[in-house]
Amino acid sequence: MAQTQINTIRLVETRHVDDNEQPLSYPTTIAYDASRDEIIVTDAGKSQLVVFNNELFPIASLDQGRGIMGVTSCLPIKEGFYVTCGSTESGDGYIALVNKAFIIEKKIHPAQLNPQLGKFTATRLIANTNNRFYVLSVERSSVSVFDQNWRYQHDIVPKDEKLGIPEPASIQALDCDSQGNLYFLSEERGRVFVYDLHEKFLYKFGEKGGAERKLARPRGISVDSKNRRLYIVDYLRHTVSSYTLGGDYLFEIGGKGNRPGWFLYPTDVTVDMEGNIYITDTFNHRIQEFSITAQ
């Protein structure tokens, strides 16, 4: 069993507005930019990215006026960030490479670069230490792997047993730790599938259900490498659950409500370098930040 004892879970800040002092519409995915110590939020209702500083103060935004359409997620990198965008008039989605000045330097169309994929609309992606991208898409339930030049390599298809028969498990969200281990979250199975840097399956954990210690409709996952634990957002239970990296349950935050510290259909979570966590509280139209003190 896990030995970590949680001393304090403290709500640090909530934020309801973007950099133009306009209400957030439906904040969905969220990412931490370690190189600039900033938080980047996808506001799906306005198809924009909103950048917050480490005190959760909004400082900038990127929207359709800058050329991104149907934005679904963001991956911060040293040079700027990748933005996954929805379908266009040509019929496929694209991944925009945006520099620090919020200028699109390139639009990457995985389906055009790799015709064997067919239609491919990326929804989330991560970059691992092995110089590979791991991408989720509308059209695939598995994880698609690309090299650093966006050449398609293969798919990773996690499997889970149903009535003793292994079946593919669709993946909703993903993250990796500082060692390059991969964590794939299945909403339908209520499980996390863990692979090593070389994409070798290691183990799985999580149990489907609507009670504490279980996952009803998990939507987002984030690894806290500093404290060696991870957080999973449960959309249907209105909570954020914490586990050790080995899969031992630790604690949960929240519950259904609109008061500070509670959630209404949250969708994603990220962790900063100090171990603070940030949650997109989607139907409360806000971002919430918590600090966790443990020993």
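Hi everyone, let's start with Cys176, which is buried, at a relative accessible area of 16%; buried here means under 20% relative accessible area, with exposed being over 50% and partly exposed in between, for a 1.4 Å probe and protein chains only. Before going on, a word on the source: this is a predicted model, where local features need pLDDT of at least 70, side-chain atom pairs count only at pLDDT 80 or more, and totals for chains, interfaces and linings use all residues. Residues are numbered from 1 along each chain as its sequence is written, and side-chain values use heavy atoms, leaving out hydrogens and water.

Cys74 is in no disulfide, and its nearest cysteine sulfur, in Cys85, lies 10.0 Å away. Cys74 is also buried, with a relative accessible area of 10%. For Cys176, the closest cysteine sulfur is that of Cys74, and at 15 Å it is too far for a bond.

Now to the sheet. Strands are DSSP runs (E, at least two residues), numbered from the N terminus, and two of them pair if DSSP finds at least two bridges between them. Here 4 strands make an open, antiparallel sheet in the order β20-β21-β22-β23. Which strands stand at the edges? They are β20 (218-224) and β23 (249-254), each with a single partner strand, so one side of each has no neighbour in the sheet.

Looking inside, β21 (residues 229-234) and β22 (residues 239-244) run antiparallel and are joined by 6 bridges. Arg229 sits opposite Thr244 in β22. Thanks, everyone!

Conventions:
A disulfide is a pair of cysteine sulfur atoms within 2.5 Å.
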